[in-house]
Amino acid sequence: MSQNHFLPLFLYLIFVSLPRSLAQHGGGTVVTELWCVAKNNAEDAALQGALDWACGPGGTDCSRIQQGGPCYDPSDVQKTASYAFNDYYLKHGMTDDACSFSNNAALTSLDPSYGNCKFPSSKTVNNASISQSTGTLGMGPDTADLSASHRSAQSWLRQPLIVASFFLSIVRILS
């Protein structure tokens, strides 16, 4: 019997049995620490407008980025906006919508803390669920960003595809 006859069994194990087992034992959950920060390519004027909205109508706690605070840096609007964006994100549901700011912010897994300025983070659970969107007005987070759906589908498919590619390579080598 050739190894090619085992291919359906491998595919069944990878795409049916393994995901069921992971779901039953909680192994499909990945914990990631995320921060919402200003995009590197965002214009200073746009960041300042979003920062003004976040610290005003947005309800962000901006005390740490005001004069005398550990994150006060009037020469770097990107760092200042990042702190405010992150605070807003953490307090407003940790959804992609809460980290858009008219497409001037993005989520990162790299800790943006510097010196005495420590950015609080949130350990978010990514288990292929799609978060609810909430709409806001003005310079606040946009609702048109559908990247959560894309990222959820991507993370759900990534592991089985990697394992399948590995097994197909083994089958080819053995053939």
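Both Cys71 and Cys117 are buried, where buried stands for under 20% relative accessible area, exposed for over 50% and partly exposed for values in between, computed with a 1.4 Å probe on protein chains only. The structure is a predicted model, in which local features need pLDDT of at least 70 and side-chain atom pairs count only at pLDDT 80 or more, while totals for chains, interfaces and linings use all residues. Residues are numbered from 1 along each chain as its sequence is written, and side-chain values use heavy atoms, with hydrogens and water left out.

The sulfur atoms of Cys71 and Cys117 lie 1.9 Å apart and form a disulfide, a term applied here to a pair of cysteine sulfur atoms within 2.5 Å. Because the torsion about the S-S bond of Cys71 and Cys117 is about 100°, this disulfide is right-handed. Cys71 is found in the loop between helix H2 (44–55) and H3, and Cys117 in the loop between E2 and strand E3 (122–126), so the pair ties together parts that are 46 residues apart in sequence; helices (H or I, at least four residues) and strands (E, at least two) are DSSP runs, numbered from the N terminus.

By the distance rule, the count comes to 3 disulfides. A further disulfide joins Cys36 to Cys99, with an S to S distance of 2.0 Å, and with 95° about the S-S bond this link is right-handed. The pair connects distant parts of the chain, since Cys36 belongs to strand E1 (residues 30–38) whereas Cys99 sits in the loop between helix H3 (77–91) and strand E2 (105–108), 63 residues apart. Both Cys36 and Cys99 are buried.

The disulfide of Cys55 and Cys62 has its sulfur atoms 1.9 Å apart and, with -90° about the S-S bond, is left-handed. Cys55 is partly exposed, at a relative accessible area of 32%, whereas Cys62 is buried, at 6%. When the bonded cysteines of the protein chain are numbered in sequence order, the pairing reads 1-5, 2-3, 4-6.

H2 has 12 residues and reaches 16 Å from its first C-alpha to its last, close to the 16 Å expected at 1.5 Å a residue, the expected span being 1.5 Å times one less than the number of residues. The buried residues of H2 are Leu47, Ala50, Leu51, Trp53 and Ala54. These residues cover an arc of only 160° around the axis, which puts them on the same side of H2, the arc being that of the directions from the helix axis to the C-beta atoms. The face of H2 turned away from its buried side carries the exposed residues Asp44 and Ala45.
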